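Student: Could we go through this structure together, so that I learn how each term is decided?
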Amino acid sequence: MAAAWCREAVMAEVISMETDVWVLPVAEAKWWARPMVRLLIMIALLAGVTVVVNAIAAGMATGPVGGLAAGGLGAAFAMWAYAMAVRATERRHVMELLPGREEAASTLWRWTLAGLALFTVTIGVIAVFGGYRIAGWGSIEGAVTVFGTMCAVAVVEELLFRGVLFRIVEEMAGTWGALLVSGVLFGALHLVNPGATGWGALAIAIEAGLMLGAAYAATRNLWVPIGLHLGWNAAEAGIFGVTVSGSGADSHGLLEAAMSGPAALTGGAFGPEASVVAILVCSVPTVLFLRMAHRRGHLHRRPRPSVEHEAV
């Protein structure tokens, strides 16, 4: 049932873009238009944005109102910075975020629900095998606060890893190279968390890095991976009350959780994202997205050097 639902949701996603955003209009041979230069500029910019967003969250996310405000402001600031950087270095509009507010909002909410459903299936399977149980009730206020802060997390990380890293690496190494690089680095990012493990980082790279990269490759719409990311994280901490990516932070969501059993089932200190169950569940939409990308002609090969470049 979950596979059929994911397949229908993926097939329902209709993208109306004027051009495939993977192709950069590089008519202007400016030095900053080179892929590697743009990559470094945008990574540096998004790193600075992350610092600002974290400061906003630390100062405001103390309750549901503050959490929503911090998440909204942080996400808006990150998107503005990304759009300005793209226009400055690539001389184009940010089609991957779509110009229509209603269409963007519809896509975001639809895929946020899909991310929530994916994690619900994951934790449900873990619970069936005795790895998860509800130990008590948290609060709705806590769930709303978590959702607000996760808005900023999802937007910033997806802009960095799919909007910048995946998209620009794809210009140099093709889609498969971009999937590999963005997935591995996305997993490596989580090694800095207090409860991080090598296995947990590898699991994140496979289940999330590949799935979110494939989602962008299939749709060329950043709202799709942003929604999946947001729904998954919000369900994980805001509803089911479990650890997110080895963050070590106590969850104050809707439910209080008790995890027990082998780490292969529960994910151990890293949380359910290090569970084999999460890898298997997320492999379903990953395959569906990649099949869609293939049908739409969105799986690009590594570009060949031009004749002029070969002559040099």
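Predicted model: local features only at pLDDT ≥ 70, side-chain atom pairs only at ≥ 80, totals over all residues.

Student: Why is glutamate 90 called buried?
Tutor: Buried means under 20% relative accessible area, exposed over 50% and partly exposed in between, with a 1.4 Å probe and protein chains only; glutamate 90 has 3% relative accessibility, so it counts as buried. Arginine 92, with a relative accessible area of 12%, is buried as well.

Student: What makes glutamate 90 and arginine 92 a salt bridge?
Tutor: The term requires a side-chain nitrogen of Lys or Arg within 4 Å of a carboxyl oxygen of Asp or Glu, and here the closest N and O atoms are 2.7 Å apart. Arginine 167 also forms a salt bridge with glutamate 90, at 3.0 Å.

Student: Why is the pair of arginine 167 and glutamate 90 said to tie parts together?
Tutor: Arginine 167 lies in helix α5 and glutamate 90 in helix α3 (residues 64–90), so the pair joins parts that are 77 residues apart in sequence. Helices here are DSSP runs of H or I with at least four residues, numbered from the N terminus.

Student: Which residues are linked in a network of salt bridges?
Tutor: The network links Arg38, Glu90, Arg92, Glu96, Arg167 and Glu171.

Terms used
Residues numbered from 1 in each chain as written. Heavy atoms only, no water. Helix = DSSP H or I, 4+ residues; strand = E, 2+ residues; numbered from the N terminus.
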